[in-house]
Amino acid sequence: PRPQPQPQPQQSIDDQYAHERAFHNYISYWQPPQSGSILLHPRTNDENAVANAASSSASDAEYFAEVRDQIAVRVATPWDDIDIANLRLSVFSEMAPELRAKFCQKSCEVLDHRRNKGATCLVAAIDSNMRDSIVARNVFQDGADYSDLAKARESTSSQWFMGSVEVSVHEFYGTELGKRRPAGTVLYITEVAVLPEARRTGAATRLMSGVDELATLKGIESLYLHVDVNNEAAITLYEKAGYRIIGKDDSHPMFEEFTMRLNLHDGATKGRNHYLLEKHLTDSPSWIDVGEAADAKFVSEMNATIQAREARGSMGFEVGTSIQHLT
């Protein structure tokens, strides 16, 4: 006969419920905005500006300045999920087209799952009539033409989807950084992505400005994000947007613990390393004083953890499996 599963002890069940209540209470301080809400309107009302610039002798800088002024940023709706999933798979995953299509549905399920935890995506879009002139003007960094690549993504709506970014708060739950900042005052940024044929247009800059606008509306005091140390273009984008790299040697260990809890510590993801960046939207961000004794205990434990990881090699320390409920 098949062995019957043993019932869980009541204490274990109670602990699980207590954890779930605490988690949902934490994320409840962040109230996502209504889907479809426009955060940044186009800066100009001249719909012919881009076409005129494209047909003139305007420099690339002048042309894309006109494009940037026409880009709107709004809160994504569930109908954007397929566009967002396809964008992420094409930018962040080295998959063949047939595999990309196979995993698109799974990516949409992940988006929905994270949305249930309060995660919110922002979308950058522009009038579809401007798309052809943008694609015709734009080129890959190596000089190759985008035109053929972009044909598969021609928009059938009035707005051309150019890129997206995701913001959330649940990553902070249970971390030392999350414990030391009042709930609802910090926001995590991830999955900043722009279509290859829409790059150089200022779409990424507009997305980051949209994040600032949303954070200000919701009373967020500080923004955090991770970036690959070799992604110089992204690092430049974030620094221009006001972010600073948190150094590992001169910062509190709670920042390293936060990175480890997200499984982004050195060598954890295919040998890649990441910087943690922060941006404060207020001159005096709020902090919770945990007391000298608690702080000293945490610092001592973290230093021991880091030393043990370094002794085993960065690939030998996998903390991500213990926090799968947060991803």
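Buried means under 20% relative accessible area, exposed over 50%, and partly exposed in between, with a 1.4 Å probe and protein chains only. The model is predicted: local features need pLDDT of at least 70, side-chain atom pairs count only at pLDDT 80 or more, and totals for chains, interfaces and linings use all residues. Residues are numbered from 1 along each chain as its sequence is written, and side-chain values use heavy atoms, with hydrogens and water left out.

**View 1. Glu-191 in strand S5.** Glu-191 lies in strand S5, residues 186-194; strands (E, at least two residues) and helices (H or I, at least four) are DSSP runs, numbered from the N terminus. With a relative accessible area of 26%, Glu-191 is partly exposed. Its phi is positive, about 55°, although Glu-191 is not a glycine.

**View 2. The open sheet of eight strands.** The strand order is S1-S2-S3-S4-S5-S6-S8-S7, with mixed pairing; two strands pair if DSSP finds at least two bridges between them. Strand S1 (38-40) and strand S7 (244-245) stand at the edges with a single partner strand each, so one side of each has no neighbour in the sheet. Strand S6 (residues 222-228) runs antiparallel to S8, and seven bridges join the two. Leu-225 stands opposite Leu-277 in S8. Helix H11 packs on the sheet and touches S5, S6 and S8, where contact means heavy atoms within 4.5 Å. The direction of H11 makes about 120° with that of S8; axes are lines fitted to C-alpha atoms, for helices over the stretch in contact, and angles run from 0 to 180 degrees between N-to-C directions.

**View 3. Helix H11 and the residue Asn-263.** Nine of the nine residues of H11 are buried, so the helix is largely enclosed by the rest of the structure. Among them are Pro-253, Met-254, Glu-256, Glu-257 and Arg-261. Asn-263 follows H11 and is placed in the loop between helix H11 (253-261) and strand S8 (274-280). Asn-263 has a positive phi of about 60° although it is not a glycine.

**View 4. Aromatic rings around Phe-172.** Rings of Phe, Tyr and Trp (its six-membered ring) pair if their centres lie within 6.5 Å; planes under 30 degrees apart count as stacked, over 60 as edge-to-face and the rest as tilted. The whole structure holds nine aromatic pairs. The ring centres of Phe-172 and Tyr-188 are 6.4 Å apart and the planes stand at 85°, so this pair is edge-to-face. Phe-172 is in the loop between strand S4 (159-168) and helix H8 (176-180), and Tyr-188 is in strand S5, 16 residues apart. Phe-172 is buried at 0% relative accessibility, and Tyr-188 is buried at 5%. Phe-172 and Phe-258 have ring centres 5.0 Å apart and planes at 5°, so they are stacked. Phe-258 belongs to helix H11, 86 residues from Phe-172, and is buried with a relative accessible area of 0%. Ring pairs link Phe-172, Tyr-188, Tyr-224, Phe-255 and Phe-258 into a cluster.

**View 5. Cys-104 and Cys-108.** The count of disulfides is zero, a disulfide being a pair of cysteine sulfur atoms within 2.5 Å. For Cys-104, the nearest cysteine sulfur is that of Cys-108, 4.4 Å away. Cys-104 is buried at 11% relative accessibility, and Cys-108 is buried with a relative accessible area of 11%.
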